[in-house]
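Colleague: Before I use this model, I would like to go through the terms applied to it and hear what each one rests on.

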Amino acid sequence: MDTQSFQRLLAQLDSLSPKQRASLQVALQASPRHDVLEESLPDLQACPHCAAPVQRLIGWGWQRGLRRYRCKVCLRTCNALTGTHLARLRKADRWLDYGDALIQGLTVRAAARQCRVNKNTAFLWRHRFLCSVAGHQAEHERGVVEIDETFFLESFKGQRRLPRPARQRGGVGATRGTGKDQIPVMVVRDRDGHVADFKLDKLDAVHVSAALEPLVDAEAVLCTDGAAVYAAFARRHGITHQVVQAKPGLRVRGAFHIQNVNAYHGRLKDWMARFHGVATKYLVNYLGWRRMLERYHRQIQPVHCLQEALGRGYQLVIGT
């Protein structure tokens with residue numbers, strides 16, 4: 001705030017009611033949330049515009065509670081949010097509150113009430129926060145690797161023009177079982193707890209192989225149900241494959257089972273139920289959201305959500 005604006009503000013203090021004066025005094029004595037936010041953000045490692053080393057950045061004042069820098073090479077200014085999905089978002093003092101809303105799994109309207117923002121703002125923040133989180137998953141799995149798929153009903157929630165007649169209150173699929181309106185999600189989990197999931201266009205050998213080939217170690221042991229696509233992948237890449245049929249008495253064969261990945265399916269579906277259907281185009285974001293909650297377990301804090309939204313902090317947690 002410039003000097004003239006500050007002087008005008010001081011001149012208006014006499015017109016405040018006693019209740020307003022008390023509220024002002026409480027606000028002045030409280031710790032600024034901007035300071036908390038500044039401490040939560042990771043330091044810049046390089047110029048986000050030209051990738052010049054951090055030594056070429058010089059202090060350039062403050063803006064909206066964040067330290068600003070100027071690059072000696074490209075002469076552009078930046079801060080810790082530049083080049084991230086949170087850049088140019090307003091009301092930064094409420095982001096930690098929104099991180100807490102993500103931890104609680106609040107709906108858009110409930111999150112808006114908690115953070116004192118409009119529901120449209122809460123929706124925008126949800127997917128800005130989750131854009132980077134969606135890509136934070138295991139990149140290499142070894143040992144005993146469990147794989148199984150689950151399905152989500154295709155949804156065009158939020159769209160004005162539907163390619164089919166609308167369903168009443170979500171409804172059910174047009175066909176029973178795994179029809180064309182069921183979106184397959186393949187979940188891969190090893191015994192160390194590393195999780196990766198993939199929203200597949202189609203559950204066939206081509207899409208399954210494209211997802212698993214860079215992920216699964218050549219020395220791993222795959223544990224799956226009797227689906228032919230997994231057997232074909234294991235055979236093609238020379239990976240040991242253990243089939244565990246999901247039948248009474250055959251769900252566990254010694255150390256080989258798919259109980260962990262099926263338990264993850266159950267937690268995922270139970271958690272998703274609160275949203276009463278998720279638009280298919282945003283499904284990847286919600287999968288990433290659930291993985292983040294699983295990754296930190298009870299130790300998760302709002303600052304972790306903020307760091308994940310900036311694309312940082314993930315490697316320190318999972319260690320892959």
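Modeller: Keep in mind that the model is predicted. Take α9 to begin with: it has 14 residues and spans 20 Å from its first C-alpha to its last, close to the 20 Å expected at 1.5 Å a residue.

Colleague: Which residues of α9 are called buried, and by what cut-off?

Modeller: Buried stands for under 20% relative accessible area. In α9 that applies to V261, Y264, H265, L268, W271 and M272. They cover an arc of only 135° around the axis, so they lie on the same side of α9.

Colleague: What do the buried residues of α9 pack against?

Modeller: Their partners are β4, β5, β6 and α10.

Colleague: What makes β4, β5 and β6 part of one sheet?

Modeller: Two strands count as paired if there are at least two bridges between them. Nine bridges join β4 to β5 in the antiparallel sense, and β5 (residues 182-190) pairs with β6 over five bridges, also antiparallel. Both pairs therefore meet the requirement of at least two bridges. The sheet has five strands in the order β6-β5-β4-β7-β8, with mixed pairing.

Colleague: Why are β6 and β8 described as standing at the edges?

Modeller: β6 (195-199) and β8 (240-243) each have a single partner strand, so one side of each lacks a neighbour in the sheet. On average, neighbouring strands in this sheet are turned by 25° against each other, direction ignored.

Colleague: Why is β5 called largely enclosed?

Modeller: Nine of its nine residues are buried, so the rest of the structure largely encloses β5. Q182, P184, M186, V188 and D190 point one way, while I183, V185, V187 and R189 point the other way, and all are buried. In a regular strand, side chains alternate between the two faces of the sheet.

Colleague: What packs on the sheet, and how do you know that it touches?

Modeller: Contact requires heavy atoms within 4.5 Å. Helix α10 (residues 283-296) touches β4 (144-153), β5 and β6, and its direction makes about 170° with that of β6.

Colleague: What makes a group of residues a nonpolar core, and which members of the largest one touch the most others?

Modeller: The members must be buried residues of the listed nonpolar types, joined through side-chain atoms within 4.5 Å. The largest such core has 51 residues, and L86, W95, Y98, F129, W271, M272 and W289 touch the most other members. Several elements supply at least two residues each, among them α4 (95-104), α6 (119-133) and α9 (259-272). The largest share, seven residues, comes from α10.

Colleague: What is L86 in contact with, beyond its neighbours within four places in sequence?

Modeller: L86 contacts L81, W95, R128, F129, L306, A309 and L310. A second, separate core has 19 residues, including I147, M186, V188 and L200.

Colleague: How many helices and strands does the protein have, and what part of it is buried?

Modeller: There are twelve helices and ten strands, and 41% of the 320 residues count as buried. Of the contacts between residues at least 6 apart in sequence, 60% join residues at least 24 apart.

Key: Residues are numbered from 1 along each chain as its sequence is written. This is a predicted model: local features need pLDDT of at least 70, side-chain atom pairs count only at pLDDT 80 or more; totals for chains, interfaces and linings use all residues. Side-chain values use heavy atoms; hydrogens and water are left out. Helices (H or I, at least four residues) and strands (E, at least two) are DSSP runs, numbered from the N terminus. Axes are lines fitted to C-alpha atoms, for helices over the stretch in contact, and angles run from 0 to 180 degrees between N-to-C directions. Buried means under 20% relative accessible area, exposed over 50%, partly exposed in between (1.4 Å probe, protein chains only). The expected span of a helix is 1.5 Å times one less than its number of residues. The arc is that of the directions from the helix axis to the C-beta atoms.
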